[in-house]
2 protein chains.
Amino acid sequence: MQLSLLDEPAIKIKHADNYDLPIEPSKNVAGAALLALQDAYKKKIGFEIVITKNIKPGSGLGSSAASSAGAVVAANHLLGNIFSKDDLVRFAMNGEKVASGVKHADNLAPCIYGGVTLIRSILPLDIISLSAPPLFVTVVHPQIEVKTSDARQILRKEVQLKNAIMQWGNIAGLVTGFLTNDYNLIGRSLEDVIIEPVRSILIPGFDEVKINSKEAGALGGGISGSGPSIFMLSKEERTAIQVESIMKNIFQSIGVEFKTYVTSINYDGVRVMSQE
Amino acid sequence: MQLSLLDEPAIKIKHADNYDLPIEPSKNVAGAALLALQDAYKKKIGFEIVITKNIKPGSGLGSSAASSAGAVVAANHLLGNIFSKDDLVRFAMNGEKVASGVKHADNLAPCIYGGVTLIRSILPLDIISLSAPPLFVTVVHPQIEVKTSDARQILRKEVQLKNAIMQWGNIAGLVTGFLTNDYNLIGRSLEDVIIEPVRSILIPGFDEVKINSKEAGALGGGISGSGPSIFMLSKEERTAIQVESIMKNIFQSIGVEFKTYVTSINYDGVRVMSQE
């Protein structure tokens, strides 16, 4: 992503990829984020932005957050870092609203803060950075599109109290596992009884990937974002690589196009790579 | 509580208080817990138990858990500590079932483990001890009875997903606050949007106690157990004592009999006090 400052209050968007994304600022995730930042900035400024997306939209990998977070971090850098991280998350949430219909910070908070983040609350915004032990992440991205807005719609508006209680226990367990470096507890807590049973139906190979990865030693995993990508966490890099071959075998046998990634936790978040 | 070992498979219960609690083992919380322990123990043994309750049943202060946890810890001590803490929680949950109709470990886990405990899951039982910074607890116990079984019945079986999400954030925040000694975060996270709005209706003075205590510097608080007791947490003892006078003033003006307590976290749980 390349951002330039303009001295007129315009936002010009160019795409250097082939995803056919909108260039009208209010309909573009980066554009909507920049509009919010522009609105909060007292002086008359504008931006020209060139976006090269490396991940197909609708992946569940935070592709929309990457664009809106990138745009506001770059803009803030050019303006002398006058806005706080929380400000940037607030601006960028306008981009997420364009993508999913809802102002959420699920992907923006880790993009802008780096590392593992807890969003205790959206209104008021309350983001807490969590320490975590080294973890390796394996992701498979089946090349089918699940729109975040569709994935949100199939969720019921009410959940069973008994399931909510199980989820409270697992979330508390996951946070405790991160903060106390307890890998086993992280694994035991990676069970989503609310969203996963509903959304995983849309994802071919989901159960097989999860079961086989855990048999190979992965701690656990689930749907990445609103899908269709699946993530698995491992303590050791060699396990994460083994999980990747398991994912490859499963998707090859299903016959669905896919991409896989093996990575670790990024502690920096969005970075300014160079400035001319 | 005083427990003696018998060499016949009987359970004899005596009450040294005036609460008119049942003495039939299967209908008494300590009795039901001992029956479960007796069942798991291979040899023929029995117990004689004398119970002196210092807290009126139906307080929300874990009065039933105190009896069932006390009974199994004492019995385990006399048998040479052959059972694990998890075993003891499992036995004692039979006592909680007598009291509330549900096998839960909400009060048993801290009674048996001591300190702050997270119950990630009941089936399988998964209890995790959490470290926490020093905290002072002020409790007001209005002398009205709210039966745990009644308090459970007024809860809806379904909750709004949006409320469940807020609660997930608050629980994660509370655990993070405990583990990172972040008093401010503990305070911000002490908001229950699921149970409290329903159950607090049964508790006179609830909102006034909460608002005035927080104004006086308490971190936050809520319903203790299923009520009617109210607890508030403070960082400083002097705040906890000030909160106590606030509670006293409110309940005196309402005209409801009450008891108050100022205490700190007990890190030992149930203790064997002496053995003859």
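In strand β9 of chain A, A:Met232 is the bridge partner of A:Gly221. Strands here are DSSP E runs of at least two residues and helices are H or I runs of at least four, numbered from the N terminus. This is a predicted model, in which local features need pLDDT of at least 70, side-chain atom pairs count only at pLDDT 80 or more, and totals for chains, interfaces and linings use all residues. Residues are numbered from 1 along each chain as its sequence is written, and chains are lettered from A and ligands numbered from 1 in the order in which they are written.

**Sheet**
- β8(A) and β9(A) (residues 230–234) run antiparallel and are joined by four bridges; two strands pair if DSSP finds at least two bridges between them.
- The open sheet has four strands in the order β8-β9-β6-β10 (chain A), paired antiparallel.
- Its edge strands, β8 (220–223) and β10 (258–264) of chain A, each pair on one side only.
- Neighbouring strands of this sheet are turned by 15° against each other on average, direction ignored.

**Helix on the sheet**
- Helix α10 (residues 237–254) of chain A packs on the sheet and touches β6 (136–142), β9 and β10 of chain A; contact requires C-beta atoms, placed from the backbone, within 7 Å.
- The direction of α10(A) makes about 15° with that of β6(A); axes are lines fitted to C-alpha atoms, for helices over the stretch in contact, with angles from 0 to 180 degrees between N-to-C directions.

**Helix pair**
- Helices α1 (residues 29–40) and α2 (residues 63–78) of chain A pack at an angle of about 35°, with their axes 8 Å apart.
- Residues in this contact include A:Leu34 and A:Leu37 of α1(A) and A:Ala71 and A:Val72 of α2(A).

Terms used: Two residues are in contact if their C-beta atoms, placed from the backbone, lie within 7 Å.
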